[in-house]
Amino acid sequence: MATAASPHSILLKTPSNANPKVVFPVATRLPTTALKPISIKCAATTQIQDPRPPPPAAAQERIFNFAAGPAILPENVLLKAQSELYNWRGSGMSVMEMSHRGKEFSSIIQKAESDLRSLLEIPLEYAVLFLQGGANTQFSAVPLNLCSPDDPVDYLVTGSWGDKAFKEAQKYCKAKVVWSGKAEKYTKIPSFDDVEQDPDAKFLHICANETIHGVEFKNYPVPKNKGGLLVADMSSNFCSKPVDVSKFGLIYAGAQKNVGPAGVTIVIIRKDLIGNAQGITPVMLDYKIQADNSSLYNTPPCFGIYMCGLVFEDLLEQGGLREAEKKNKSKAELLYRTIDGSKGFYRCPVEASVRSLMNVPFTLEKSGLEAEFIKEAAKEKMVELKGHRSVGGIRASIYNAMPLAGVEKLVAFMRDFQARHA
């Protein structure tokens, strides 16, 4: 077997009267004159096998994953990441091995930001930060950066995540709940005219889509304080539809629902709001430090940011967020139509006008059948349909990456299940 000489080759001589075996040469003083390249033939008949397993075939069957997060990712994005995993675009290394300060990763994070700006039409006066810690960390970072301990702030609570954000903010400012849907089990959003905001509130906070309860804002309130800000947790509907970023002082979102794997948190903040953090703010939560260092103050979640960039690129290629919203509406309408047309066998508790396009919670008329529903669905390769532990029931999360075929299969299963158990 002919081999090409390389800097990593070990030149071996195999005696003619011996069996082929590896001989480790003893270190010797090299001659000072240059060596001429020579051709080597290996007498051994045993071939060295590549220890790396072959990549799985692209056509390998996948399940329909209805998980709320970490959630389904676009198949073509996964396949592209797979093809680039071992050697990213001729760099000789994986994204997971790159220095976050090297030119290769700089190009990745810069393109990710550029594509996100294009998708959401983010104005130049807004900074985009790729951070860590999830939305839960932003529950602290937001009040620490936007107000002083004595500032009043308003929280409009439409679900569990909005409630958690409020409770955390109480540690750092004078937070107040101006409306809560808890008494009605978080199934509606109030008329904004009925919400009594504090005219001096530094900001009004909302959770744009409540992942657990399936409640989504279709339009957004305006802070009563003319100098006040609208702040939104958009974790579970981020990049699912167009958003007028200029209406917000700050938007934050965990990536693991719609735009990437777990580990990346995206913050979009108006630049004039940066630089006013409270003195007790930890370094890693200070937006100015993160912005001044282009999200590279410490090692960021490099591979997660790379994956987000692939998702942004894919969304642009599909026609942007308006096209994504059309697809999401079609999927959600099909599922809600099936629930509402089941004559009570399936029930969605959320007020129709604010039902989420992303997270569809429902219960069965006979609650004892819910475990069987989940079990049978899993056998049909539809998984993660169990509702959140705090509310129970069923929940189908149908984010951008969930194809229409997945919802059609779920709907067909629901009809068959009803026919057998009604």
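User: Before anything else, what is a nonpolar core here?
Analyst: A nonpolar core is a set of buried Ala, Val, Leu, Ile, Met, Phe, Trp, Tyr and Cys residues joined through side-chain atoms within 4.5 Å. Note that this is a predicted model.

User: OK. Which residues touch the most other members of the largest one?
Analyst: The largest nonpolar core has 92 residues, and L120, F238, I266, I268, F312, L335 and F373 touch the most other members. Helix α6, residues 302-317, gives the most to this core, with nine residues.

User: What is F238 in contact with, leaving aside neighbours within four places in sequence?
Analyst: F238 is in contact with L116, L120, I251, A253, N258, V259, I266 and I268. There is also a second, separate core of 31 residues, which includes V153, Y186, F203 and L250.

User: Switching to rings. How many aromatic pairs are there?
Analyst: The count is 14 aromatic pairs. In one of them, Y220 and F248 have ring centres 5.0 Å apart and planes at 75°, so that pair is edge-to-face.

User: Where do Y220 and F248 sit in the chain?
Analyst: Y220 is in the loop between β9 and β10, and F248 is in the loop between β10 and β11, 28 residues apart.

User: Is Y220 buried or exposed?
Analyst: Y220 is buried, at 16% relative accessible area. F248 is buried as well, at 2%.

User: And F413 with F417, what kind of pair is that?
Analyst: Tilted, with 5.8 Å centre to centre and 40° between the planes. F413 and F417 are four residues apart in helix α9, so about one helical turn separates them.

User: Which cluster do they belong to?
Analyst: Ring pairs link F413 and F417 into a cluster with F345, Y346, F362 and F373.

Conventions: Residues numbered from 1 in each chain as written. Predicted model: local features only at pLDDT ≥ 70, side-chain atom pairs only at ≥ 80, totals over all residues. Heavy atoms only, no water. Buried < 20%, exposed > 50% of the residue type's maximum accessible area, 1.4 Å probe, protein only. Helix = DSSP H or I, 4+ residues; strand = E, 2+ residues; numbered from the N terminus. Contact = heavy atoms within 4.5 Å. Phe/Tyr/Trp six-rings, centres within 6.5 Å; stacked < 30°, edge-to-face > 60°.
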